[in-house]
Amino acid sequence: MAESSKEELLELIKRLTLKISDLFSSSLNNLLKVLEGLGLRNRNDTHSIGAVAGLAVAIFFTWRLLRSPSVSQRRQQKRQVASSSTPGVSAHSNAVVVPSGVCSTSEDSRAQNVVDEFFQPVKPSLGQIVRQRLSEGRKVTCRLLGVILEETSPEELQVKQATVKSSVLEVLLEITKFCDLYLMERVLDDESEKRVLAALEDAGIFTSGGLVKDKVLFCSTENGRSSFVRQLEPDWHVDSNPEIISQLARFIKYQLHVAPFRPERAAANVFCAPSLEHFFGSI
């Protein structure tokens, strides 16, 4: 049994090495031709480079193969399951002779699975997505109502405590890691300001992120928020008011309009999404 497993492993390694050689041979030859053209390689170095590359690939994939259960172990487990599910059947019925062609196909499939797993794309982190979507912008302004807060009108802030959306918190913290972020909103009284600041503090934005209370701005009119944005000259502005978005389109490089549907007539530098977290694909 042990001798059979060794032969099976060696055969699988040979098949895998042939597949890897097919993948890399053309790329290696092209690289060597370029190096030769630049005078950085001697013609006699071809075999040395190929040997080193082949050895490195073989060692890596041999390690990967040794980590997975052997083919014989998998077959034995399948036979045990089959025998336990059909009591009364003779143990001799489990001894099935598998044609050599089937074994070869199974080994090829297993080798291909290892290659596919190695070359599968890596999913980017939320931080990488945020930086990519913001096009490396370094200053962002954002309104609070309907975007960061659950509340959607200044009147709601007068009668109840403000609440930060749990779904937007992770995105907001990622933005503060590499952007100069300013939050702003129109409020009707001083108590509303206190409720907003208390909600942001309870959510940990002032401690976990790079935001400070001095960067949370309040005004009494919608035009006041527009004036804040123009003075700060951000790379991005996030708002849910279509009039503000329209007014600032000529002055701000990029804008995100938080709305259920994209307006029919939107400037080329205005993006639209149902929420801030949807825009960054975090939900």
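Mentor: Buried means a relative accessible area under 20%, exposed means over 50%, and partly exposed covers what lies in between, with a 1.4 Å probe and protein chains only. This is a predicted model, in which local features need pLDDT of at least 70 and side-chain atom pairs count only at pLDDT 80 or more, whereas totals for chains, interfaces and linings use all residues. Residues are numbered from 1 along each chain as its sequence is written, and side-chain values use heavy atoms, with hydrogens and water left out.

Trainee: Why does Arg-225 count as buried?

Mentor: Arg-225 has 0% relative accessibility, and because that is under 20% the residue counts as buried.

Trainee: What makes the meeting of Arg-225 and Glu-222 a salt bridge?

Mentor: A salt bridge is a side-chain nitrogen of Lys or Arg within 4 Å of a carboxyl oxygen of Asp or Glu, and the N to O value for Arg-225 and Glu-222 is 2.9 Å, so the pair qualifies. The two residues are 3 residues apart in helix H10 (residues 222–232), so about one helical turn separates them; helices here are DSSP runs of H or I with at least four residues, strands are E runs with at least two, and both are numbered from the N terminus. Through shared partners, salt bridges join Arg-143, Glu-185, Arg-186, Glu-222, Arg-225 and Asp-239 into one network.

Trainee: How many salt bridges does the whole structure hold, and which residue does Asp-180 pair with?

Mentor: The search finds 11, and Asp-180 pairs with Lys-215, their closest N and O atoms being 2.4 Å apart. That pair links distant parts of the chain, 35 residues apart, with Asp-180 in strand E2 (residues 180–186) and Lys-215 in the loop between helix H9 (205–208) and strand E3 (216–219). Asp-180 has 22% relative accessibility and therefore counts as partly exposed.

Trainee: How do Glu-151 and Lys-160 classify, buried or partly exposed?

Mentor: Glu-151 is at 1% relative accessibility and so counts as buried, whereas Lys-160, at 38%, counts as partly exposed. Their closest N and O atoms are 3.6 Å apart, and because this is within 4 Å they form a salt bridge.

Trainee: At what angle do helices H5 and H7 pack, and why is that arrangement given its name?

Mentor: H5 (residues 126–133) and H7 (residues 166–178) pack at about 65°, with axes 10 Å apart. Since 65 to 115 degrees counts as roughly perpendicular, under 35 as roughly parallel, over 145 as roughly antiparallel and the rest as oblique, H5 is roughly perpendicular to H7. The contact, meaning heavy atoms within 4.5 Å, involves Leu-126, Gly-127, Val-130 and Arg-131 of H5 and Glu-170, Val-171, Glu-174, Ile-175 and Phe-178 of H7.

Trainee: Why does Leu-172 count as buried, and which residues does Leu-172 touch?

Mentor: Leu-172, found in helix H7, has 1% relative accessibility and therefore counts as buried. Leaving aside residues up to four places away in sequence, Leu-172 touches Ile-148, Leu-181 and Ile-205. The C-alpha atoms of Leu-172 and Ile-205, 33 residues apart along the chain, are separated by 8.2 Å.

Trainee: What makes Glu-233 count as exposed?

Mentor: Glu-233 has a relative accessible area of 61%, and because that is over 50% the residue is exposed. Glu-233 lies in the loop between H10 and strand E4 (236–239), and has a positive phi of about 50° although it is not a glycine.

Key:
Axes are lines fitted to C-alpha atoms, for helices over the stretch in contact, and angles run from 0 to 180 degrees between N-to-C directions.
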